[in-house]
Amino acid sequence: MSTEQFFTACAITILLLPTLAFLWLGANLLIQRRPSELMISRISGTAQLGSLLAAITISMAMMFNHTDQVVVDLGAWFIAANYEFEIVFLIDRLSMPFVLLTCILTGIVGRFSRSYLHHESGYARFFLLMLMFLVGMLCLAMGGTIDLLFAGWELVGLSSALLIGFFQHRKEPVLNGLRTFAVYRICDVGLLVGAILLHHYAHTAEFDLVFTHAHWPVGLPDIPTAPLHVIGLLFLLAAMGKSGQVPFGNWLPRAMEGPTPSSAIFYGGISIHAGAYLLLRMSPLLERSAITMVSIVVIGLLTAIYGTLVGRVQCDVKNQLAYSAMAQVGLIFVEIGFGFHFFALLHMGGHATLRTLQFLRSATVLREFNRLKAATGGSDLSRGGGQYEFLFPMRLRRWLYTAAMRGCDMDAVVQSTLVGPLMKIAGSLERIEERWAGNIDAKRVEP
Amino acid sequence: MSSSAHETINKALADAVRLLPSQGPIGVFVHHNIWEAFEHLPFEKAAIKASQTFRGEPYMPESWYREKFKEGRIDKTDLEAILSRDFSEDAHGDDLLLGGRFSRRELRRALLHRGLIEPDDDSITWQLEEFGLLRWFLPDLDPVANRAVIAETSSWLSVQLHTHDDPALLFRDHFYRMDPKELVRRWLGAEPTAHGIASALRSQPQACTVASLWAACTYRVASCVAPRKNDAKKNHVRIRDLLFDITRRDLDDMVHEVLVPILASFLDQGLAYWPMPDAALGLLAAMQHVILKGPHAVAPLWHELRKILRENNHAELGAEASIVVSLQAMGYPQESWPMVIQETALALPGWGGMIGRLQREPELAPDHCPPCKFSEFMAVRLLFDHAAALVLAHKEFDHVGTAAALWTTPDASVLRVIPDPRRVEAFSLFQVAQDLGISTPNLLDLSDQEIREVTDEIRVFDHVERRRIWHLAFECHYRRGILQAIGTYRKTVTPSLEHLPPPRLQLVFCIDAREESLRRYLEEISHDIETHGTGGFFGVAVAYRGLDDGYHAPLCPVVQKPEHEVREFSMEGDDSTKQRRYLARRRVIATLLLNFFVGSRGLLRGWLATCGLGLLAIVPMSVRILHPHLVSRLNRWFQKSFFPKPQTQLALQRDAEERGSLALFPGFTSEEMANRVERVLQDIGLTRRFARIISMIGHGSSSLNNPFESAYECAACAGRKGGPNARLFALMANKQKVREILAQRGITIPGSTVFVAGYHDTCNDSISWFDLENVPASHHEDLAYLKSSFDRARMQNAHERCRRFENVPLDYSDEQTLIAAEGRAEDLAQPRAEYGNASNAMCVFGRRSLTRGLFLDRRAFLVSYDPTIDHDAEIISRLLAAMGPVGMNINLEYGLSYIDNERYGAGSKLPHNVTSLIGVMNGPMSDLRTGFPWQMVEIHEPMRLLVIIEGTPATIARVAERQPAVGRAISNRWVQLALIDPDTGVVSEYTHGSFGTVSGGKPLPSIARSQDWYFGHRENLGVSIVRSAIARPERSAGVSP
Amino acid sequence: MYRTLEWPWLSAFLAFGLFCAIVIGRGSDPRLARKLAVVVASLFTIAGIVATILFYNVMNPTPWVDPLRVIGFHEEPLLAVDSLNALLLPFASILSLSALLATPRALMTPARIGIILWQLCAVWLLFLSEDLILVAVAWVIGLMPLLPSRHTMWSLGGHIHVPYLVLSCVLFIAGVAGIIQAGVDAQVLAPSSLLDAHGIEAYIPRWVLPAILIAVMIRKGVFPFHSWMPSLADREGTSTVALLAAPQVSLFVLIRIGLAIFPSASAEAMPWVGQIALVATLYGAVVGLGARDMRRAYGWMVVSQSSLVLVGLECANISGITGALVLWIAMGLSLTGLGLAIACIESRVNRIDLRKFYGLGVQAPILATCFLILGMASVGLPGTLGYVAEDLIAHGTLDAHPWTGIAMILATAANGFNVLRCFFRIFGGPSPEGRYVWDLLLRERLALVGLVVLLIVSGIFPGPLVDTRTSVAVQLVSDVSESHAH
């Protein structure tokens, strides 16, 4: 077996195993067969483990071969005359750590869910969605073309919305799932348009070719400056949505409606970093646009401040974690904006891991606080960390408290500038249409 | 404000808060009866009233009971018994209906067994069509009767076909706006002419019969039953209901989104980094400050609130006046205020209930209690409602003007269209007619009055009524089974062990149902072990501070307030270097951990933590999740090697009279100790025959990642671990001085008797012992025996317990299950560390000899009580007063959380989110979830607690006199009461005001060891005799094998 | 020029289909009628598949001749399979077959069954015919069931589709008449034959093309002639709209007549049509967000998505046109499935008010899954055929006109949100006490799960399908450029 074949086989294994597990489970559910819990968790666990092993193998091989980058080209998926949808996987120093992180964290969370979701009526659904997420994430991470990345991106978004609405018999999860999906949809426009513009100007969708075979994080895209700014900002828009950055970030705390493991893996661990990953992947291109880089830093900084401020007044575990995750991802954005690629990658890994753990053990906070309080001799925990705020005058502190309590009205701003007017227009147009078609007084009760 | 308004408001507030769950902060789980507010009513009435008020279910769905019927857990005789009892109370009695064709009993029986399909009007057509209900008779009917009906209908139809102008009208559905001709085509597949129908009648007589029956049913119902007016307006209690009907948007959602974080911050016990400013001023003032400060409000609700608060300084007005202002602003007439306040309170019951509870008992707060007032909560809530109503109305239909004007907007006149309910009635009649074999001509011959009688009867006997009967029958079946079993068993054993020599060990447990199996196993091990049960705080109500604790915690039932405090300190003394070092080391580590906890959530420290240590988290995470057992071993090793806990003692003895720093007495005087020991010994009837070792076993439970941890702990210790109480009791009872006082009072404890205290963790089934160094050498052999017996018993106990966990294989050995149980306690991913008291069903007050040797499946609270030493029902009165309500509340909390988990319980545990350190919410924002989560109750069987007392009706009458609350619970049937006569052993049950003897019953199955009975089963099991556990095996001769 | 394949007894087969439609429609037993109709539709499906396979595997020239044509002394074949319609025949039959299977019994009268078969035959006739008059006939008879009846003649309240559709028929017939007249003027032997229609463009009056374009736009429900579509959905239910809109006969006519007969004029007009379609796509998507009733929301999805096909067609590069042709199939399958799923839900819980929660997900998980996959497939869920189509169109349009692409992407985003909104409203939230809703019955499951599987399988292995559509696209582009060269 040649090296190339070896890499190809491994790359295929990584993606294929979860896909097969997903299809198997989905097909079973569609024909109304319910595999046992053990069967489901075994099969998905095996798939995850297989992916992980393959990813480790590739990483090892790359390390020993001193290879920075491997492009696995599986040929065209479909061809329409001059347009080809290439299936290309890009395996390099960016995608592999991310794939490893994804596999490890979803694997652990999958194992966690096996007993955590035991006896839950949505057990199979949960694993199905988690596998869908894994497939999407791997596709996103390893995708060597922007189209594959986008396909993964979409799957991640849908599985995320459906998992938020996992407890479908209550309306809050469902509404929050929908809200999250709305933000995703708005920001996905950025990715799709950016992708197509990139395709248009670079005449290829393959990252390898866009960056003229240079190895990440360097690359010399041959694109004129003006479109470069546009493309960069569009990708930033996409990243802002998925990574919960200001001003779209408020879906993040709302997304805590799902079962704890899904909150952990999505909003503490992997999915929230997808935006940062996109920026890293595109960094050779973005770096040539100063506007984009400055915007990334500004957005990241704003988010970091926002997340910290609002997080400080939260008095429940999951919201605290959500806002602190938002703030840290903001910092990761800043790091990316300043061009510290590997550091951002490290930060991402560390943050994802720690946050996942914190989410998973969030329910233990009562016990922890009791024990810590006892051990510290009953000290007043509510003064836990109040250091900086004593620098502020009382008036300002109260002002800030209210601002934080209101989430700085970020929701209201987005609502009143973007969503509200759109819905208002839609509503009134539809009323006019109804009246024109005479559907208003049409008898609604049908036999 | 007028004083009458003030009074109305105060009364309404008091009424409303009684309806809300009275569960306290979650760290101290207080079991409460969710239907507490209705305890003054008989249970069955309360069920209906409560389910209407709370919009929850009164009983399980019919399908659940029918499932039980199939399993044999309910049988026909139970149902008949309940029906008969109902008719005996009903003025109409078992009347005949439809001109004597059948009786009410037959109708009800048919309805119970078939269980009416009661679809929405929407899907009747769909069901009729898709399931062929118009082509075939319902399944499982008597074929002979069907044939008769077909014959009758066919001959009638063939006559009618030729006399009718339009024969298609014979098949007309009177509630269906479809051409009858089309219906004939569709239903019969025939042309709608006399000829076509006649040929259909020949080829498919059944279809014609059934279709014409349906047509007749719709016709009769349409002509006899008056259409009911749908007055949707009367549902509009709150402005929210009105707006919901107009816009379909829920004002509560808008309000809660803002209100819940404010409430959570107000009540926060130290989780938030920034505490709420001015929380000390009370909710209303704090809220007003928060709302009015800060930057310009873009969010419309905040904007509106500010406007309202600027018009009127509500904090200055005071809560009651503010409520009146808001109610008037929203245009509620004064007579509707109580209802409005009640409904408003019920919109967010968890948070409101918490504020109400903390208002009554601020000391329940784990850290500090802000000044809670339910009236302020209501004032705030109404302010929000007012603002949100304006915002919503403006947004949805551009309403300008006051909120009160909303009641008269043109949109308010839009009523909900509810489809004609009569079609559903016709559908019910259709099913009943088939069940009872009534043909179309029969139906058409009946008078309008008769039809109305039948439809009324069907309507009255609705699903709630049917479920009530099913529920009572289910309880009846279980009750009869248990009573007969105990009655039969009683005949074969001596009620008193007085003439036997004292055993080697006597063990006193908590009454907790989880200890039933452990006690059984200990007794299986040897006849020389005797067990007793009493409240797990062992009569020692105390504020206790252990060496590891930072503060004093009350260890006694919630209704009691401790008067004494006890501290634990190192053997070497309070100031010994060993203790100081131990505490200092703990403090350092805890401070580090706390800083990491807070810091990792901050910005800069979080940055350092995630970059620097983040990836390392993979190690604890993977080990914790992949191998929880290993972690627990590592933890223990770590604790042992770096934080060896010094040996400790308790500061028990007190000689002075003054109170200590906490306004409590530090320790007890000998007199006080003697009182406590005497009382417990009397309670359990242990006033003679003392064994060499008497051991008090407290219990508790510790599990990881489980906010409901304290719900698993000892309820008698207010949701804390009962070990210190056992330890205190043993120390007291071992004191020479105490024994002397007791001897003066007639309880002589021989010098050879030693009291030993132990602690049983019900989650991982571990046992630990206290103060063993004080046991004299003469007793070391007995002690070793005690320990070894426990080691065997706890393993077997774990084995029996784990059969309930579906992910523990049934064929595991004892050792394997013990490891599994230990692993569960340490597993982050385990939402069911244990099942707690979930299987509880009964409570026995009596001598152990009544139940010793019976397999009760961990379903019984066993309270030791000896009627022979109880004069004038004094002991049983205090026992019932202390344990009765606890048992009943535990039982009802489990039962109701099971019946409607979303409404009364806490829903699924999986999305729970600990908030403010006082409770859990669903996800980021919801009401505070009270009651039990589904994972805690899923194996429960909802039925009222069956209380079996060894006593006579006269005893009960005396108890009711002394303890009116107990008497009320019994006469309102919130528990099921049964008596066993201490002398004759006759069993009687209390139903509706009188005692009736229970007799009969099959001989009980008998097995050698408990394992033989439960092995391979996961479900609830019946009673059987465990031969090895019987007090004296030779006495089991009368028991059939 | 298209390569065509004539098929023996095809005309007899179609006549048989029409005959069955009439006979079944006049029957009285709906159960029997459904069984028979399913058999007939299955026959059509098999015939369509066989025709497609044969078309791609049999060499030119046609080895077979329809005996009936010989009897009728026709020079040219009247009905023929070609590269454009080959795949569309089984496609249309599958749509009708699944409608026959999935429609609830309470809605299935023999008359309705007959209509479904009738429409299927009309669609086949239109797809297959090589003759203008036949196309016009098929156009009209396909709409006949929706044209004025005794009930709807005089009261238009809620029947706004009637004037629209009548207008489209009139315009279309007029246009066809104009073309035939021009053929006569140009002294073509068989003036109504499409095969002979080349080179007569110069003789055609100026009003003919606009007339035909408007007829097409009305029938497709393209802005500003769209209002009847949501209204029809509101009135007649979603399955009716699905069967009317999903085969996209108007699009077929546009390609057949527009590009074949007016190569240069339509090349000029197409960008305009495309722009209008783009507006329609965006408009439908946005207005759909405001719909309060599921039926109307569905109507808007159809308006938006079917206009999108037109957008792709307009961009005049091969990937865009291929995308449009693939979307034609993907959208047909998914929107028909969605319409049928909605009908299934409505039969269980009555009309769906999107402001309420219905909470069916717990009791009907398979229905929920089908609804979600079908809905998301129509907006390009990766893993379904929809993704392939959207990807192709997006590339095609952005290459051609960047702004068009962005608008199209926005519309898709809005539609996707709308699908999920409907999904969550219907399947999420608390379900009312005591209501029991049955999941899909076997019959319904066959249809809906079948469509889902079809979408997923073709979405994972889109190669062959895309290849066939590409060949059509190449042909179309070369036709247009050829005419420019002239």
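Predicted model: local features only at pLDDT ≥ 70, side-chain atom pairs only at ≥ 80, totals over all residues.
Student: Let's start with helices. What is the general idea?

Tutor: An α-helix has 3.6 residues a turn, so residues three or four places apart point the same way.

Student: How far apart are the end C-alpha atoms of helix 12 of chain C?

Tutor: They are 38 Å apart. Helix 12 covers residues 263-289 of chain C, 27 residues in total. At 1.5 Å a residue it should span 39 Å, so the two values agree.

Student: Where does helix 12 of chain C bend?

Tutor: At C:A269, by about 35 degrees. A proline, C:P271, follows within four residues.

Student: What classes of residue line the second largest cavity?

Tutor: The lining has 10 nonpolar, five charged and two polar residues.

Student: Last, sheets. How do strands pair?

Tutor: Strands of a sheet pair through backbone hydrogen bonds, either parallel or antiparallel. In chain B, three strands form an open sheet with mixed pairing, in the order 14-23-22.

Student: Which strands stand at the edges?

Tutor: Strands 14 and 22 of chain B. Each has a single partner strand, so one side of each lacks a neighbour in the sheet.

Student: How many bridges join strand 22 to strand 23 of chain B?

Tutor: Two, and these strands run parallel. B:I1007 has B:V1026 of strand 23 as its bridge partner.

Key: Residues numbered from 1 in each chain as written. Chains lettered and ligands numbered in written order. Heavy atoms only, no water. Expected span 1.5 Å × (residues − 1). Bend = angle between axes of the 7 residues up to and from the residue. Nonpolar A, V, L, I, M, F, W, Y, C, P; charged D, E, K, R; others polar. Pairing = 2+ DSSP bridges.
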